[in-house]
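Trainee: Before I use the labels on this model, I would like to hear what stands behind them. Can we go through them one by one?

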Amino acid sequence: MEGVRFRSVSLSGRDGERVRLFLEANGLKLEPRLDYTLVAELDGKIVATGSLAGPVLKCLATDPNRQGQGLMEKLVTRLLEEEYRRGNWHVFLYTRPANLEIFRSLGFREVARVRDRVVFFESGPENIADFVSALQEKRRMAGGRVSSVVVNCNPFTRGHQYLIEKTAAESDWVHVFVVTEDLSMFPFAVRYKLVQRGTAHIPNITVHAGGQYIISQSTFPSYFTRDPNEQVEDHALLDVTIFGQYIVPALGITDRYVGQEPYCPVTSVYNRVMQQELPRYGVTVHEVPRLEVEGEAISASRVRQALRGGDCAELTKLLPSTTLDFLRSEEAQPIIHKIKESSAPH
C-alpha cells in the first residue's frame, strides 16, 4: 500500500493510548509485558499494529477496511526481522483461525488450537517435534501409572516436596517439569537444582526442564502476569491442549497431580481447566490439598515474605533442609537481596 509508514512506538505515552484504542476497536486488548510495538500508519491513523514479548508475537491487528492488502504480512515480516536481530530464531504467535493462511504463507507451523478461539503457531529451526523426540528418550515404562507434576518452585518448599512425594508414592513413575521461564525471583537454574536436591531421595522420578511448551510466556503468559482477565482461560486451554496432545503420549502419562490453589485466581482457573480437559486425553487429574503449617497453607510467596522479614524460624517450618542450605550459601545472597527490595508476585 502506498503511503503506509511503519514505525516502532513507546506504549508509555500518547502512542500507547492510540494502540490500546485501535486494538479494542478490533476486539483485542493491549497485553502487559510487551517490549516492542510496531504500528503501520496511513494519513496519520493506525491501520495495523503488532508487538513482541520475548519470542512471542502478540496484539496483532489490522483495520478491517484494509484487510487483504498485504498489511499484516508486511507487519509480521518486520516483527520477525526484529526478533532475529535480538537473536530469537524460535518464534511464536497467537492468532484467530481466520488468519491461518496468512501465517502459513509466512512459514509459521500450527502447534495447537483452542477450539475456534485461538491458534498457536511457531516458526524457526526448532519445533515441538524436536521437544517431543527428546522427551520420548526419557520415557521409562509402558503401562502402569505414569504421573506428572508441573512446578515453578520459587523457591522449592516443603509443600512442593510433599506433593511430589505423594505423587511418587501413588505412581509407578513420576515426571516432574520445572517451569523454565526466567521471570521469577529465583532463576531457573537455581529452581531446577533445588527441585533435584529436594527430590533426590525419591527413586521413581525424572526431573525435566519445562521448556517453551509447558507454562511458558509462549503458552501461558497470564501465569506470569497473575492478571485474572478473560484471556486466562484461553491461555490455560492452550497450555493444557499442548500437554494433552504432545507431552502425554510422548511419556505415556496417565495422571497429573496439582496442588489446590487457595490464593491465586489464575492458577485456580488453570486447575479447573485441567480437570475439564485432560480426561479427554486419558489423564486423571488429582487435586491435592496443600500441606499446612500452623493452619496456613505452605506457599512460595509465604517463604518470600519470611525472607523479606528475615524470619528464620518461619523459614525452617516452610522449607526442606536442601533449600535452607542453599539460602545460607553465598550464591543465594543476591537473590535474597532482590527479594527484600521487591514486592513482585514472582
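Mentor: Start with burial: buried means under 20% relative accessible area, exposed means over 50%, and partly exposed lies in between, with a 1.4 Å probe and protein chains only. The model is predicted, so local features need pLDDT of at least 70 and side-chain atom pairs count only at pLDDT 80 or more, while totals for chains, interfaces and linings use all residues. Residues are numbered from 1 along each chain as its sequence is written, and side-chain values use heavy atoms, with hydrogens and water left out.

Trainee: Why is E82 called buried?

Mentor: E82 has 10% relative accessibility. The limit is under 20%, so E82 counts as buried.

Trainee: What makes R85 and E82 a salt bridge?

Mentor: The term requires a side-chain nitrogen of Lys or Arg within 4 Å of a carboxyl oxygen of Asp or Glu. For R85 and E82 the N to O distance is 2.6 Å, so the pair meets the definition. R85 itself is exposed, at 62% relative accessible area.

Trainee: What are the values for R7 and D15?

Mentor: Their closest N and O atoms are 3.2 Å apart, and they form a salt bridge. R7 has a relative accessible area of 23% and is therefore partly exposed, whereas D15, at 18%, counts as buried. Both belong to a network of salt bridges that links R5, R7, D15, R18 and E41.

Trainee: How do you know that strand 1 and strand 2 pair?

Mentor: Strands are DSSP runs of E with at least two residues, helices are runs of H or I with at least four, and both are numbered from the N terminus. Two strands pair if DSSP finds at least two bridges between them. Five bridges join strand 1 to strand 2 (residues 36-42), and these strands run antiparallel.

Trainee: What makes strand 1 and strand 6 edge strands?

Mentor: The open sheet has seven strands in the order 1-2-3-4-5-7-6, with mixed pairing. Strand 1 (5-9) and strand 6 (109-114) each pair on one side only.

Trainee: Which strands does helix 1 touch?

Mentor: Helix 1 (residues 14-25) packs on the sheet and touches strand 1, strand 2, strand 3 (45-53) and strand 4 (56-62). Contact here means heavy atoms within 4.5 Å.

Terms used:
Axes fitted to C-alpha atoms, helices over the stretch in contact; angles between N-to-C directions.
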